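Please read this report on salt bridges, helix packing and backbone geometry alongside the structure shown below.

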Amino acid sequence: MTIRHFLTVDDLAGDELTHVLDLADELKARRQAPPPAHASLLAGRTVALIFEKPSTRTRVSFQVATTELGGHTVVLSAGELQLGRGETVEDTARVLSRYVHALVVRTFAQSRLETLAAHGSVPVVNALSDFAHPCQALADLQTIREHKGRLAGLTLAYLGDGNNVAHSLLRAGAMSGMRVAVGTPPGYAPIPQVVQAAQAMAAGTGGEILVTDDPLEAARDADVVYTDVWASMGQEAERAERLLLFRPFQVGTPVMAAARPDALVLHCLPAHRGEEITAEVLDGTQSAVWDQAENRLHSQKALLAFLLGDGSGGRTGDQAGERS
């Protein structure tokens, strides 16, 4: 069977993305109702969780997701791998693939994930790289659909750094037929190739992509307002400079006044109240941040079921074969 990886959002076809979101909704609804859905899908299987960067939500949600699917996890930090002593990524991929059934990896360079996928023999899941955060995007789409009832035709405004989160939202939103408006200070826009790819994708789904350095233009009539920290892991030395540059992009009263009155507020966490978002907005009635955090569990469980189940997550043979 063809090994399926999840290194960026568009490793799933559009119908597969919808299928994973549907499965995530089903798993969420049935979590408390015995018998739990897919409780033995990963029985006898082990997932390695490799973290070269710190993690709270990703680590716990993947551990719980694997356990609730009947599998086991092995958690490894950079200091516990031979990578730190000079073993090549290729060799690590070959060896770990002999022991476990999937690799979930949080790392720095996207190329490390691509190398693991190229030289291993099990699915590789991007649990965050400097380039993309596709697992977060799955939870984001599940949360938006949960609250708004649909994705296509909605406007998602992302304000802040044009980082890995922005890259994955551009791809996921375009694939779902959304209008994605990204507002960043000059010099902090998403990578042009990502924007161009999202624009091409949106042209086929009825979506639209806008990148601007005007925060109120990005937020205008938005159905969803989304932000992230201004200084991510590894950018601590730039923090003081970024606090000044990004201040006009704070999600507060002016930005929310530009969005639709019922706009949903999202944040991938951790949040810094008073910096990228005000406490009133983060903790206000329009915030769905805690649902969004919970949905990391359900959407990642659905992703593991899709990648490690029968390769289709319960879809028909014809549907499953479309991307093989």
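## Salt bridges

Arg31 and Glu68 form a salt bridge through their side chains, with 2.7 Å from N to O; a salt bridge is a side-chain nitrogen of Lys or Arg within 4 Å of a carboxyl oxygen of Asp or Glu. Arg31 sits in the loop between α1 and β1 (46-51) and Glu68 in helix α2 (residues 57-68), so the bridge ties together parts that are 37 residues apart in sequence. Helices (H or I, at least four residues) and strands (E, at least two) are DSSP runs, numbered from the N terminus.

The model is predicted: local features need pLDDT of at least 70 and side-chain atom pairs count only at pLDDT 80 or more, while totals for chains, interfaces and linings use all residues. Residues are numbered from 1 along each chain as its sequence is written, and side-chain values use heavy atoms, with hydrogens and water left out.

Arg31 has a relative accessibility of 30% and counts as partly exposed. Glu68 is also partly exposed, at 25%. The cut-offs are under 20% relative accessible area for buried, over 50% for exposed, and partly exposed in between (1.4 Å probe, protein chains only).

In the whole structure, 18 salt bridges are found. Another of them joins Glu146 to Lys28. This pair links distant parts of the chain, since Glu146 is in helix α5 (residues 134-148) and Lys28 in helix α1 (residues 14-30), 118 residues apart. Glu146 is partly exposed, with 35% relative accessibility. A further bridge connects Arg242 and Glu238. Arg242 is buried, at 4% relative accessible area, whereas Glu238 is partly exposed, at 32%. Salt bridges with shared partners also join Asp22, Asp25 and Arg145 into one network.

| Residue | Partner | N to O distance |
|---|---|---|
| Arg31 | Glu68 | 2.7 Å |
| Glu146 | Lys28 | 2.7 Å |
| Arg242 | Glu238 | 2.9 Å |

## Packing of two helices

Two packed helices are described by the angle between their axes and the distance between the axes. For α5 and helix α12 (residues 289-308), the angle is about 115 degrees and the axes are 8 Å apart. Axes are lines fitted to C-alpha atoms, for helices over the stretch in contact, and angles run from 0 to 180 degrees between N-to-C directions. The angle makes α5 roughly perpendicular to α12, a class that covers 65 to 115 degrees; under 35 is roughly parallel, over 145 roughly antiparallel and the rest oblique.

Which residues meet between α5 and α12? Among them are Cys135, Leu138 and Glu146 in α5, and Asp291, Arg296 and Leu303 in α12. Contact means heavy atoms within 4.5 Å. By class, this contact of α5 with α12 has four nonpolar, nine polar and four charged residues. Ala, Val, Leu, Ile, Met, Phe, Trp, Tyr, Cys and Pro count as nonpolar, Asp, Glu, Lys and Arg as charged, and the others, Gly among them, as polar.

## Backbone geometry

Most residues other than glycine have a negative phi, and most peptide bonds are trans. The peptide bond from Leu269 to Pro270 is cis, with omega near 5 degrees. Leu269 has a positive phi of about 65 degrees although it is not a glycine. Leu269 lies in the loop between β9 and α11, and Leu269 is buried at 13% relative accessibility. Pro270 is placed in the loop between β9 (264-267) and α11 (279-282).

Asp221 has a positive phi too, near 60 degrees. Asp221 is in the loop between α8 (215-219) and β8 (224-227) and counts as partly exposed, at 43% relative accessibility.
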